[in-house]
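I opened this notebook page to go through one protein model from its confidence values to its core. The entries follow the order in which I looked things up.

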Amino acid sequence: MIRIADMLRAVRSVGLEDALASGALSHAYIIHAESGGGETVSALAAAMVCAGAGSRPCGQCAHCRKALSGAHPDIIYVDKPDDKKEIPVRSIREIVKDAAVLPNEADRKVYIIRNASELSVSGQNALLKVLEEPPKHVSFIIAADDQSRLLPTVRSRCVELRSAPGGGDDVSGSGDGAPGGAADLVMEFFDAMDSDALAFVRFTFSLQNQDRAVLAEFIDGARAAASARLRDEALGAKPRRADMWRALRALEFARDYLQANVSAGHIAGMLCAELLPASGR
Ligand SMILES: [Zn+2]
């Protein structure tokens, strides 16, 4: 049984509190297992099934209590069997099949892959199928002690979380009111592109206040993700609404601007001007 205070601390440590307070959770997270992954994973899973009215996880509702005691029927763990070197592809295929079935009690099902570094490439490719087009009621928490073993296509579809233990590892820039790290921005960028013009303007506006290091990380991450999506489309995956060629070109401009010391405000304005028509004005 994990205490709610420990869970909330874990959630704060990866800069997730805003997302949890607003209920705006991504459908897939990668958590770096070295950063005290267990509590963060439990807190996030509880938040995903929580039915509390305020900030999540509330720690009080039936879903939270079951989640905390490790007995929630909609929180499903995937582990490597002791006698195997890898998580079997079969386990992932079972998830993909099971994901189509509605949750038992909560509004969503949460699949937790406990050490995804032990996933083979074919296992990851099987997982990709459901990460690309996840049913609305499905979320993933992918814990990995070595995220470099995850395919870029998998990583580009998840929000990566890493805690900042003792102020050492500041990758997210969170904690000072900034809206999450570069990985969150990449996700928000593609969401905004698939959304309407207003959402896109709001997103680009938020870029103006970003730290340049976060902005650089965002631009590189978004370029990699746009390239991955183009590659997927070339391989026959369903094309998305947003035009990835346009996005990639604008992101290349953004990188050049950044290198030429152009201000974040101008870069945000350029992205907005370049990409707004494509977002369905
Ligand atoms: Zn709750």
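Before reading anything else I noted that pLDDT is the predictor's confidence in each residue, on a scale from 0 to 100. I am working with a predicted model, in which local features need pLDDT of at least 70 and side-chain atom pairs count only at pLDDT 80 or more, while totals for chains, interfaces and linings use all residues. Residues are numbered from 1 along each chain as its sequence is written.

**Confidence.** I found a mean pLDDT of 81 for the protein, with 86% of its residues at 70 or more. I took helices (H or I, at least four residues) and strands (E, at least two) as DSSP runs numbered from the N terminus, and counted 12 helices and 5 strands. Among these elements, helix H1 (residues 4–13) has the lowest mean pLDDT, 70, and strand E3 (residues 109–113) the highest, 95. Over residues 164–179 pLDDT stays under 50. Where pLDDT is low, the predicted coordinates should not be read in detail.

I called a residue buried if 20 or more other C-beta atoms lie within 10 Å of its own, exposed if 12 or fewer, and partly exposed in between, with C-beta atoms placed from the backbone. Buried residues make up 41% of the 281 in the protein. A nonpolar core is a set of buried Ala, Val, Leu, Ile, Met, Phe, Trp, Tyr and Cys residues joined through C-beta atoms within 7 Å. The largest one here has 76 residues, and Tyr-29, Leu-44, Ala-45, Ile-141, Ile-142 and Val-186 have the most contacts inside it. Helix H8 (residues 182–194) gives the most to this core, with 9 residues.

I then looked up Ile-141, counting two residues as in contact if their C-beta atoms, placed from the backbone, lie within 7 Å. Leaving aside neighbours within four places in sequence, Ile-141 touches Tyr-29, Ile-31, Val-41, Leu-44, Ala-45, Val-110 and Ile-112.

**Helix H10.** Which residues of H10 are buried? I listed Val-214, Leu-215, Glu-217, Phe-218, Ile-219, Gly-221, Ala-222, Ala-225, Ala-226 and Arg-229. What covers them includes H8, helix H9 (197–207), helix H11 (244–259) and helix H12 (264–275). After H10 comes Gly-236, whose phi is positive, near 100°.

**Ser-206.** This residue sits in helix H9.
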